[in-house]
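Subject: Structure handover and notes

Dear colleague,

Here is the structure I promised to pass on, with my notes below it. Please read them beside the coordinates.

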Amino acid sequence: MVSPVTVVKSEGPKLVPFFKATCVYFVLWLPTSSPSWFSALIKCLPIFCLWVFLLAHGISFLGAHSSARKILAGLIFSALGDAFLIWQEQGYFSHGLLMFAITHILYSSAFGMKPLNLRAGLVIAVISGISYTLLYPYLSGPFTYLVAVYIALIGFMGWRAIAGVQLANDLWTWTKLSACLGAVLFMVSDLTIAVNKFCFPVPHSRAIIMATYYAAQMLIALSAVECQDVDAARKRA
């Protein structure tokens with residue numbers, strides 16, 4: 001397994017643009033009441049930087065590893081979803097929901113179906129069911145089933161990410177742990193969005209949503225680069 005120190009040295013510099021773009025978003029803190037293409041650009045900029053982060057590992061790397069390609073595709077759909085959500089009050093919330101639903105399908109495929117870990121799947125299913133049960137009284141129209149489908153998809157994605165971490169058997173890598181933490185943070189971010197939009201105002205909701213969302217995307221992007229780091233470590237050995 002590649003050591004965390006090696007990871008920080010090799011991947012840290014490539015993530016500097018992402019951290020800078022994230023700081024720009026929080027420093028500018030553009031009002032959501034006045035959506036514009038500029039505010040969409042600022043919101044999407046950290047995700048663009050994660051595209052560059054993956055592309056910086058080389059086209060040959062992406063060509064050789066389907067999971068990395070799927071995560072890159074997921075980041076592309078995430079940026080589209082971010083842009084749509086800038087105009088959610090103008091009727092584009094469902095468009096954003098669709099983009100992120102596709103993102104979760106791509107991430108789930110990237111994480112794979114092995115190991116299965118049915119226990120983790122059962123836990124996620126129970127949490128997803130409780131979440132939908134709490135949201136259901138506040139939903140109406142198409143959101144009654146759209147939110148149900150979305151919760152199922154993000155729950156499935158979370159299950160596949162969590163299933164890869166087998167701490168008891170010492171069968172884990174830092175990238176699998178990164179994917180797991182990223183998926184959990186993604187679920188926290190989206191649950192906060194749902195509660196804040198459909199149920200009641202969540203204090204500091206935007207800060208919670210965006211901080212957990214950007215951290216989730218960074219961790220998921222990091223989970224795509226294990227193969228290259230393993231190869232680098234072997235060459236140094």
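Against which helices do the buried residues of helix 7 pack? They pack against helix 5, helix 6 (118-135) and helix 8, where contact means heavy atoms within 4.5 Å, and where helices (H or I, at least four residues) and strands (E, at least two) are DSSP runs numbered from the N terminus.

Before the details, a word on the basis of these notes. This is a predicted model, in which local features need pLDDT of at least 70 and side-chain atom pairs count only at pLDDT 80 or more, while totals for chains, interfaces and linings use all residues. Residues are numbered from 1 along each chain as its sequence is written, and side-chain values use heavy atoms, with hydrogens and water left out.

The average pLDDT of the chain (the predictor's confidence in each residue, from 0 to 100) is 91, and 91% of the residues score at least 70. Over residues 229-237, however, the pLDDT is below 50, and this stretch has seven contacts in the model beyond near neighbours in sequence.

Helix 7 covers residues 143-163, and its 21 residues should span 30 Å at 1.5 Å a residue, which agrees with the 29 Å between its end C-alpha atoms; the expected span is 1.5 Å times one less than the number of residues. Its buried residues (buried meaning under 20% relative accessible area, exposed over 50%, partly exposed in between, with a 1.4 Å probe and protein chains only) include Val-147, Tyr-150, Ile-151, Ile-154, Trp-159 and Arg-160.

Tyr-150 and Ile-154 are also, together with His-104, in contact with Asp-190, once the neighbours of Asp-190 within four places in sequence are left aside. Asp-190 lies in helix 8 (residues 174-199), and although Asp-190 is buried, it has no salt bridge, the nearest side chain of opposite charge being that of Lys-43, 9.5 Å away.

Tyr-25 is placed in helix 1 (residues 4-28) and is buried, with a relative accessible area of 6%.

Helix 4 and Leu-54

The 21 residues of helix 4 (residues 66-86) should span 30 Å, and the end C-alpha atoms are 31 Å apart, which agrees. The cover over the buried residues of helix 4 includes helix 2 (37-55), helix 3 (59-64), helix 5 and helix 9. Leu-54, which is found in helix 2, counts as buried because its relative accessibility is 0%. Its contacts outside four places in sequence include Ala-68, Ile-71, Leu-72 and Leu-75, and these four are listed among the buried residues of helix 4.

Helix 5 (residues 93-111) should span 27 Å with its 19 residues, in agreement with the 27 Å separating its end C-alpha atoms. Just after helix 5, Gly-112 takes a positive phi of about 85°.

Record annotation

The unreviewed UniProt entry lists "transmembrane region" for residues including 71-87 and 207-225; its positions are given in the numbering used here, feature names are shortened, and annotations may be inferred rather than shown by experiment. In the model, residues 71-87 are 94% helix and 0% strand, with end C-alpha atoms 25 Å apart, while residues 207-225 are 84% helix and 0% strand, with end C-alpha atoms 28 Å apart.

Key:
Lys, Arg positive; Asp, Glu negative; His and termini not counted. Salt bridge = Lys/Arg side-chain N within 4 Å of Asp/Glu carboxyl O.
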